[in-house]
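Subject: Structure handover

Hi,

Here is the structure I promised to pass on to you. Have a look at it first, and then read on for what turned up when I went through it.

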Amino acid sequence: MLKIWSMKKEQQKSEVAAGSNKKKVTSAQLRVQKDLNELSLPDTISTHFPNPDDILNFVLTLTPDEGFYKGGVFTFTFAISVNFPHEPPKVTCNEKIYHPNIDLNGNVCLNILRQDWMPVLDLNAVIVGIQFLFLEPNAGDWLNKEAADDMKGDRERFYRNVRSAMAGGTVKGETFKRVLKAKPGEKA
Amino acid sequence: MAAAAVPTTNGSATRRARWTYSDRILSRPGAYVDEEDGFVPGEAPITSVENARILVIGAGGLGCEILKNLALSGFKKIDVIDMDTIDVSNLNRQFLFREKDVGQPKATVAANFVMKRVPGCTITPYVGKIQDKDQDYYLQFNIVVCGLDSIEARRWINATLVDLVDMENPDSLKPLIDGGTEGFKGQSRVIFPTMTSCIECQLDMHAPRAAVPLCTLASIPRQPQHCIEWAHIIKWEEERKDVTLDTDDPEHITWLYKKALARAQEYNISGVTYSMTQGVVKNIIPAIASTNAIIAASCCNEAYKIATTCAPCIGMPGQNNYMLYTGDTSVYTYTFEHQKKDDCPVCGNLPKDLVVNPTSTLGDLVESFAERPESQLKKPNLRSEGKSLYYSSPASLMAQTKGNLVKPLNELLSDGEEIAVTDPAFSTVFKYRVHFS
């Protein structure tokens, strides 16, 4: 093959000298900006940036309109490192939740947030993944074993427990905070 | 003249019987290259051709020629991408397809045909869009050859290959060979992404598609084509909004033809025919088989030279990189160096300088991006290192940043600061260094 690389290196040397020392938009910022550009969020999901100038940290609010968690309001903190997209974003759930794949500390078990992360994946993929966890919790790959066993044993009972946790009740000795969206005229 | 003097390299005589003659080129010193250029006649260049992984984008008029030429030149590991299926009107020049193949995907049929004719060559087809594939996919290849009819696809692959270049990885630099034809005219060019003038730098070499102003179509048609465009753009939207126009559906074309014909009669314009309707709506440019053959041959020769270094290729920095061919006024070819644009939005390494009035607003700036011919941004996101200037997506950031639109630039930026602009329509980031006037 043609040896073009040595010429490329020569060229690069001369260009670096022409560079400037002004602050440059970092590659993580560029990539997140691009991902935000391409985000297509359904009505049930919104974002909030506590500091709008810092796009590497934001809060995602999910209000499922179907499934076990219908009517609940859940927020997730997204913390993106400067190594993004080499490293996945760090995502935690802020509410105490009765969910097979989210532990009581808010850690989220989603393959693409850990072992299956790839730089070609984007924020949209992560958000879709989280959304999917709320539509179809995965009892086979659990982080909260009690919830997983509950779901495997009897989906009806699991459903009732999810509802009572969301309403601020106590399930299996754990007391939860009320996370139901207040809608006038709707049964909690 | 006699075949007696054919030098055979060890052990390859029978294995490469089919390439006995082309191997002579690779096993003898070249007239225009020597070892300093990296050309060592013998096994090395032969192995290079056999091992090179080459990606062909497009399996249409040019693509059929390119696949055939590459396989017959001895390339053995070829991939081909095309999203189209075979139409009966392709058969006159897309010679890898037969009548029985109509409706089948071009990439698959072309790959199978060539593999059957050239044993030992593996062609892997992918039926779909180039945009389906990520950087890791494109990183596998040594050379990319394009035989496309769309500028959009060219710009996408160009931006992708420019982005791929990583100073830590010598294999990330993929030579891009681009062929294109239109009637009797064509071009072939070689691009070393980030090193030499790229497709974005050369965007002005593509003649823009002649578009008639909408008001002409709506109010005063003068040509049969105006009536067809009117039926296509205005009437369809009015009467069949719920139906997505399928330009391959004869019922849809007939409908447009009848509407266009009625309008033409109303304005005393003659010449609207069914085939003209089809041509205008599908933007058909007559394709000439031999122009495709000429351009594809040139592209494949460049690929062969890049893979083997047996002769100088075009496209080296500071040298000719663009061959244009014109066959409609006798025969004319001209090869020249298209200069790299330092401010190319795709391959310009340094941010482009942008002089702004410090008291004009961010809104004015955003609007000017929408108008700049090289960007034409529809849904831009803008930031500096420290500040989210304006984000059109997601909704919450738009709400938080739209207030900046009315602020003067000197309140948001300092003189000389870099801003980055992205848009869903472009895979590349546009960078500007803002200077106050």
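The buried residues of H11(B) pack against H9 and H10 of chain B. The buried residues in H11(B) are B:Thr277, B:Gly279, B:Val280 and B:Val281. Just past the end of H11(B), B:Asn283 has a positive phi of about 50°.

How do H9 and H11 of chain B pack, in angle and axis distance? Helix H9 covers residues 224-239 and helix H11 covers residues 274-281; the angle is about 65° and the axes are 10 Å apart. The crossing of H9(B) past H11(B) is right-handed. On the H9(B) side, the contact is made by B:Pro224, B:Gln225, B:Ile228, B:Glu229 and B:His232, while H11(B) contributes B:Met276, B:Thr277, B:Val280 and B:Val281. Sorted by class, that contact holds five nonpolar residues, three polar ones and one charged one.

B:Lys259 and B:Glu239 meet through their side chains, with 3.2 Å from N to O. Because B:Lys259 sits in helix H10 (residues 250-266) of chain B and B:Glu239 in helix H9 of chain B, the pair ties together parts that are 20 residues apart in sequence. Are these two residues buried or partly exposed? B:Lys259 is partly exposed at 26% relative accessible area, and B:Glu239 is partly exposed at 39%. The pair belongs to a network of salt bridges that links B:Lys235, B:Glu238, B:Glu239 and B:Lys259.

B:Arg154 forms a salt bridge with B:Asp178, and their closest N and O atoms are 2.8 Å apart. This pair links distant parts of the chain, with B:Arg154 in helix H7 (residues 151-164) of chain B and B:Asp178 in strand E5 (residues 176-182) of chain B, 24 residues apart. B:Arg154 counts as buried because its relative accessibility is 5%, under the 20% cut-off. B:Asp178 is buried too, with a relative accessible area of 0%.

The other pair is B:Asp23 with B:Arg16, a salt bridge whose closest N and O atoms are 2.7 Å apart. Here B:Asp23 is buried at 7% relative accessible area, and B:Arg16 counts as buried at 2%. Over all chains, a search of the whole structure finds 21 salt bridges.

Now for chain B as a whole. Its secondary structure comes to 15 helices and 13 strands, and its C-alpha trace spans about 80 × 60 × 40 Å along the principal axes. Of the 437 residues in chain B, 50% are buried. Among the contacts in chain B between residues at least 6 apart in sequence, 61% join residues at least 24 apart.

Where pLDDT is low, the predicted coordinates should not be read in detail.

Best wishes

Conventions. Residues numbered from 1 in each chain as written. Chains lettered and ligands numbered in written order. Predicted model: local features only at pLDDT ≥ 70, side-chain atom pairs only at ≥ 80, totals over all residues. Heavy atoms only, no water. Axes fitted to C-alpha atoms, helices over the stretch in contact; angles between N-to-C directions. Helix = DSSP H or I, 4+ residues; strand = E, 2+ residues; numbered from the N terminus. Left-handed = near helix turned anticlockwise from the far one by under 90°. Contact = heavy atoms within 4.5 Å. Nonpolar A, V, L, I, M, F, W, Y, C, P; charged D, E, K, R; others polar. Salt bridge = Lys/Arg side-chain N within 4 Å of Asp/Glu carboxyl O. Buried < 20%, exposed > 50% of the residue type's maximum accessible area, 1.4 Å probe, protein only.
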